[in-house]
Amino acid sequence: MVTPNVGTSNENDEVTQPITRVPLLDSNEPAPWVRRLHNKEDVIGDVNEGVRTRRQIANLISFTCYTSQIEPKKVDEALNDEFWVLAMQEELNQFERNEVWTLVPRPKSSHMIGTKWIYRNKSDENGNIVRNKARLVAQGYSQIEDIDFEETFALVARLESIRLLLSISCVHKFKLHQMDIKSVFLNGFLQEEVFVEQPKGFVDAHHPNHVYCLKKALYGLKQAPRAWYERLTQFLVDNNYTRSSVDKTLFIKRDNDKLFIAQIYVDDIVFGSTNNTKVQQFVDVMSHEFEMSLVGELSYFLGLQIRQLDDGIFISQAKYAKNLVKKFGLEYAKHCDTPMSTTLKLSKDASGKSVEQTLYRGMIGSLLYLTASRPDISFSVGVCVRYQADPKESHLSSVKRIIRYVNGTSNYGIWYSLDTNASLVGFSDADWAGNCDDRKSTSGGCFFLGNNLVSWFCKKQNSISLSTAEAEYIAAGSGCT
């Protein structure tokens, strides 16, 4: 586990460099430079955030002037905001460009599916709102099987696959890029005849009772992910990209010693090549067929902040970690040096006081996603997960300790070095009878591609081991699978 390098500034750089403050301040105690120069009441905003640069202020003003800072809950609220009206109109214009539907008289015998507007503010890594996104979705919960849809299963890439791709890019020493396809589900062709109601706020004045017959998939439809996956897969195969036999979301193209790799996660595509010409060819092919909303160097993907540097790649979830701590109100709590006590072992604690299950499960779910880049909390979270059915105060205290540890280590992540090789190495271990309740052991394992950690696991064994050798044999078997 490492932390990213933070550059230092000299006296001559004070005008252009942000001022960072190291001391941790009490929530009610103003920053020292505020006490020295100004009254706390005279300062606008959070005095502990530090001083913003001119560029940061310019970006903030730009975002504020051209985007709405609120998320409407109802259509009426959105229709009274010019920015959200433009966002909704852009969504419907996208429908027209993709020829998603056709306005037809309402059929008497067909099942009608309602529509609903969803409003989301898109933010960057720093939390600034950069775009208002209005999405028209179908109310797929009202669909009837074998009438409105048949097969719905669609593949998505695993996080282990993404980390493996990052490590492969280090082995072959090439940059990774990302591509975001605009309104991706609108590109999938439907095999069934589906009718949806006209969207609220945009009903045709001449045909108010008409409905739309869908030619392509709509967000919210149960078969939409599968329709898109089939469309994209067929398109890539037709353009001589080979689908992996093991990971069906991975596409490869080889040309002598030139290698191209692309990983698909719904509308996000991560790709790279040992030859820059292959990268540009892929971008041209995809842009010709689909409309793109983003093409650039990989930096932020599925909540992972990815920094591609000259000597390696640093992966972290700093933004997510800080939001997690703030969500559960522990941003001012004392930090912990370890995620779990080295002396106290958790048990069912039958005599303990029960706590709210919703809160406990919410904390566990949030921490589980954080383990995508934080193997140091994987074991601790895995132990706390076992007590979701009836959490006690002792369990909640342990989860809060993990969050306090995360609060002090939010910038931690995984470092992938370019100085590596392509050898796959795995390690496994197990404790013996470590569970206080049923005396079962816990298996653990981690796997490296060269020097880079790409996968890990921590799981309680299904059977009771009679010796340390048996426990470790079971762990080794789990690692091999």
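**Aromatic pairs and nonpolar cores**

The structure holds 16 aromatic pairs. It is a predicted model. One of the pairs joins phenylalanine 185 and tyrosine 219, with 4.6 Å from centre to centre and 35 degrees between the planes, which makes it tilted. This pair links distant parts of the chain, 34 residues apart: phenylalanine 185 sits in the loop between strand 5 (176–181) and strand 6 (195–196), and tyrosine 219 in the loop between strand 7 (211–214) and helix 6. Both phenylalanine 185 and tyrosine 219 are buried.

Another pair consists of phenylalanine 260 and phenylalanine 282. Their ring centres are 4.8 Å apart and their planes stand at 40 degrees, so this pair is also tilted. Phenylalanine 260 belongs to strand 10 (residues 258–265) and phenylalanine 282 to helix 7 (residues 276–289), so the pair ties together parts 22 residues apart in sequence. Phenylalanine 260 and phenylalanine 282 are both buried. Together with Tyr241 and Phe271, they form one aromatic cluster. Over the face of tyrosine 241 lies lysine 253, at 4.6 Å from the ring centre.

In soluble globular proteins, nonpolar side chains tend to be buried together. Here the largest nonpolar core has 49 residues, and Ile269, Phe282 and Met286 touch the most other members. Helix 6 (residues 224–238) supplies the largest share of this core, six residues. Leaving aside residues up to four places away in sequence, methionine 286 touches Met179, Ile181, Leu232, Phe235, Leu236, Ile269 and Met292. A second, separate core has 26 residues, among them Leu176, Phe301, Ile306 and Val454.

As a whole, the protein has 12 helices and 19 strands, and 41% of its 481 residues count as buried.

Note on methods. Residues are numbered from 1 along each chain as its sequence is written. This is a predicted model: local features need pLDDT of at least 70, side-chain atom pairs count only at pLDDT 80 or more; totals for chains, interfaces and linings use all residues. Side-chain values use heavy atoms; hydrogens and water are left out. A nonpolar core is a set of buried Ala, Val, Leu, Ile, Met, Phe, Trp, Tyr and Cys residues joined through side-chain atoms within 4.5 Å. Buried means under 20% relative accessible area, exposed over 50%, partly exposed in between (1.4 Å probe, protein chains only). Helices (H or I, at least four residues) and strands (E, at least two) are DSSP runs, numbered from the N terminus. Contact means heavy atoms within 4.5 Å. Rings of Phe, Tyr and Trp (its six-membered ring) pair if their centres lie within 6.5 Å; planes under 30 degrees apart count as stacked, over 60 as edge-to-face and the rest as tilted. A charge sits over a ring if NZ of Lys or CZ of Arg is within 6 Å of the ring centre and within 35 degrees of the ring normal.
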